[in-house]
Amino acid sequence: MPTVNRPSRSAEATFRSSARLKELMAAHFTGVDRAAREKSAPVAWCTSVGPVELLRALGYQVFFPENHGALLGASRVAGEVMGRAHALGYSPDICSYLTSDIGAYLARKSPLTRYGLSGAPRPDLLLYSTNQCREVRDWFEFYGREWNLPVVGVTSFRDLGEVEDSHVEAITRQLEGLIPALEAVAGRRLDAPALEQAVERSRTCSDLWRDCLNSSASRPAPLSFFDATIQMGPAVVLRGTAEACDYYRLLKAELSERVTAGAGAPHRERFRLYWDGMPIWGRLRDLSTLFASLGTSVVASTYCNSWVFDALDPRDPLRSMARASLELFIARAEGPKQRYLERMAHEFSVDGLVFHDARTCPNNSNVRFGLAQRLRRASHVPVLVLDGDLNDLRCFSDEQARTNIEAFVEQLEGAVPATAGGGHG
Ligand code: SF4
């Protein structure tokens, strides 16, 4: 999954809080790097929706390789380096975050140089959860072999209909089983109040981030999907810290002001769309500009909501972490996914849904088993499927995407009273 820190675009809103966002992201990268170089704190790599609270409670500095993957995509370094991983036997058809990141390591290239880092900071331990995909385990095991480091994690359930207590118990046991290995590397025992505090901060961050995203239920939407892919940085890399909570208090206040003032993106909002699937990192600016030129706002997404963890509860840290990890959209079966998308389409009053079918991420591509068609029949909301990829731009045709998006908006013009700016519910 994750996220990129980059300047605001003309098609996107400019946020006062962005200055603080840049400081926070820079401090995050340099802080983890310093800990790795000076051995001043244990360093772990963690998957983006993995059990980071355990690491925070044990004093780890935490790096998120998927965030590095997103940076490689947005900076388009990915295209230069993926071939190095392909040559090692990692197929071009598997996760292009994985191939970008391993390729970047092999090629000694990284957009983190802009923060003064030579590359991803070297960890003392790698911690994964397969709640999002199996790919992350393979990805981390590459580095475990390369650097002879411990790789530990949770092997999770996938495609869950209902999240049953038995599922939660099984994951809770696995989380408990991780603790000795995490303690051994950290050189200290897990302190119960520290874990409760980390879970409390993650929950607060999650609630504030959801409030920020939900502000775009207003018309016009003050935070577009494209803005949110930038603003989500702290929710991903600083989950479980006070800094992330403080940041989203700042952003939430700014968004509230915008809602009160009726201020949205700097273009007219004729139509409102929902985005399902991964961002196309190397084309964020182009797509943002294209949608804006068509008077269309992408107001909500599955992706940016992936860092909302409603189940987290500091009074029952491990069990609530287990439940939160299982309730994620990506870990669920088609039925819960459809119900979620119907609810989001209604709550955000969208006129259409865009599904990004990312070639190398089947886990975040939800059009391969008929979901888009079922959703269209059930909700009567028009649906567009865009072929592409998160990082591998060879899978994305600018021309075809433009033609399809323009045709889709024309279709909306015929289906929706333009003066109302859409809405179906
Ligand atoms: S396969 Fe998909 S979900 Fe897994 S790490 Fe890659 S992009 Fe993320």
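Start by selecting strand β1 (residues 43–46) and strand β2 (residues 61–63): the two run parallel and are joined by three bridges. Strands here are DSSP runs (E, at least two residues), helices are H or I runs of at least four, and both are numbered from the N terminus; two strands pair if DSSP finds at least two bridges between them. This is a predicted model, where local features need pLDDT of at least 70 and side-chain atom pairs 80 or more, while totals for chains, interfaces and linings use all residues. Residue numbers start from 1 along each chain as its sequence is written.

Zoom in on Ala 44, and you'll find Val 62 of β2 opposite.

Which way do the side chains of β1 point? Val 43 and Trp 45 go one way, Ala 44 and Cys 46 the other, and all are buried (20 or more other C-beta atoms within 10 Å of their own, with C-beta atoms placed from the backbone).

Next, colour domain 1 (18–190) and domain 2 (196–415); these bounds come from an automatic or database domain assignment. Their centres, taken over C-alpha atoms, are 22 Å apart.

Last stop: the ligand. It lies between the two domains because both give residues to the shell around it. Of the 13 residues around the ligand, select Cys 95, Cys 133, Glu 135, Cys 361 and Asn 363, which come nearest (a residue is near if its C-beta atom, placed from the backbone, lies within 6 Å).

Note on methods: Buried ≥ 20, exposed ≤ 12 C-beta atoms within 10 Å, placed from the backbone.
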